[in-house]
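Subject: Structure for you to look at

Hello,

Here is the structure I promised to pass on. Please open it alongside this email and follow along.

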Amino acid sequence: MEQKKGVVMQKIAAFFDWDGTLSYDGRTVSPATAEAVRTLRGRGNPVFLCTGRSTGFIPEEAWAVGFDGLVAAAGATVRLGDKLLLRRFIPAAAVERAVAFFLEDGQICILEGEHGMYRVGGGEVARFASWPAIAAPGEFSRRFPDEAVSKLTLHGRMSPAAEGFLSADYCLIRHAAYTEAVPPGCSKSAGIRLILGELGLPPSACWAFGDSPNDMDMLQYAGIGVAMGNAPDEVKAAADLVSETAENDGVAAAIRLLLDGEKNEAPMARKAGYT
């Protein structure tokens, strides 16, 4: 990245994860972080939300930041402005097979839809109580015939039976407390590649900001990958730059450093070879 007197010499496209990156609590974004993203955008650089959440689970606070497009559901949905570049969803028959399996298996499975979130199995869990419960095979398609399910999310440790059921038909992304099951070929980096192609920009003109395992591929793909200080060690190892935690405005600190070369009070760690 060529920089001179605090001015970015080449237009870049910046991609931001939501949970644990832009938002430390998954619901809100700090004024400092929102302002940093808007400053970057105000200098002529397009900015994008790049989240594992499906579009039915993105809060209004995220949209309010102001983005030029998004990569959602870990790459199953990709938009540039009003242009839909990719829309992958799980076929209705496959959704019903998953519902039947997890009702029997008992593990909590969340159907992440384009318009809402739906829970299967696991009994009553307070954190999911506001989402419709699917209690019988065939119920989801009867109650929500027009909903498209972008991905599945399994909460808790995935059972061997569940792994066997899902591994043939989905790409599994494992986190410490949950597992994402996305359609084959979907990833954040694949979504970023589509957007960069539309913009006519190379990967070297891309900045990516994240904190979790589903961010690793985009951190490695981007010209500059920035991990939050709250990220696991393996995610930090995939990044070029490690910033402060999301709670301490790590995105804002990294943007200031990358745009203006500021010497911030927030500590920054650079991987060997980063210039």
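What is the volume of the largest pocket? It comes to about 840 Å³. Keep in mind that this is a predicted model.

Start with the lining of that pocket. It is made up of 36 residues. Find D19, R53, F57, R127 and Y178, which lie nearest the centre of the pocket. Strand 11 gives the most, with three residues. Sorted by class, the lining has 14 nonpolar, 11 polar and 11 charged residues.

Now turn to a pair of helices. Two packed helices are described by the angle between their axes and the distance between the axes. Helix 1 covers residues 31-42, and helix 9 covers residues 250-260. Their axes come within 8 Å and cross at roughly 30°. Angles under 35 degrees count as roughly parallel, so helix 1 is roughly parallel to helix 9. The crossing of the two is left-handed.

Which residues in helix 1 and helix 9 meet? From helix 1, look for A32, T33, A36, V37, T39 and L40. From helix 9, look for V251, A252, I255 and L259. By class, this contact has eight nonpolar residues and two polar ones. No charged residues take part in the contact of helix 1 with helix 9. The lining of the largest pocket, by comparison, has 11 charged residues.

Best wishes

Technical notes. Residues are numbered from 1 along each chain as its sequence is written. This is a predicted model: local features need pLDDT of at least 70, side-chain atom pairs count only at pLDDT 80 or more; totals for chains, interfaces and linings use all residues. Side-chain values use heavy atoms; hydrogens and water are left out. Axes are lines fitted to C-alpha atoms, for helices over the stretch in contact, and angles run from 0 to 180 degrees between N-to-C directions. Helices (H or I, at least four residues) and strands (E, at least two) are DSSP runs, numbered from the N terminus. Angles under 35 degrees count as roughly parallel, over 145 as roughly antiparallel, 65 to 115 as roughly perpendicular and the rest as oblique. A crossing is left-handed if the near helix is turned anticlockwise from the far one by less than a right angle, and right-handed if clockwise. Contact means heavy atoms within 4.5 Å. Ala, Val, Leu, Ile, Met, Phe, Trp, Tyr, Cys and Pro count as nonpolar, Asp, Glu, Lys and Arg as charged, and the others, Gly among them, as polar. On a 1 Å grid over the protein atoms alone, a cavity is a set of points where a 1.4 Å probe fits but cannot get out, and a pocket is an open set with protein on both sides within 12 Å along at least five of seven lines; lining residues have an atom within 4 Å of a point. Grid points are joined across faces, edges and corners, and a volume is the space filled by probe spheres set on the points.
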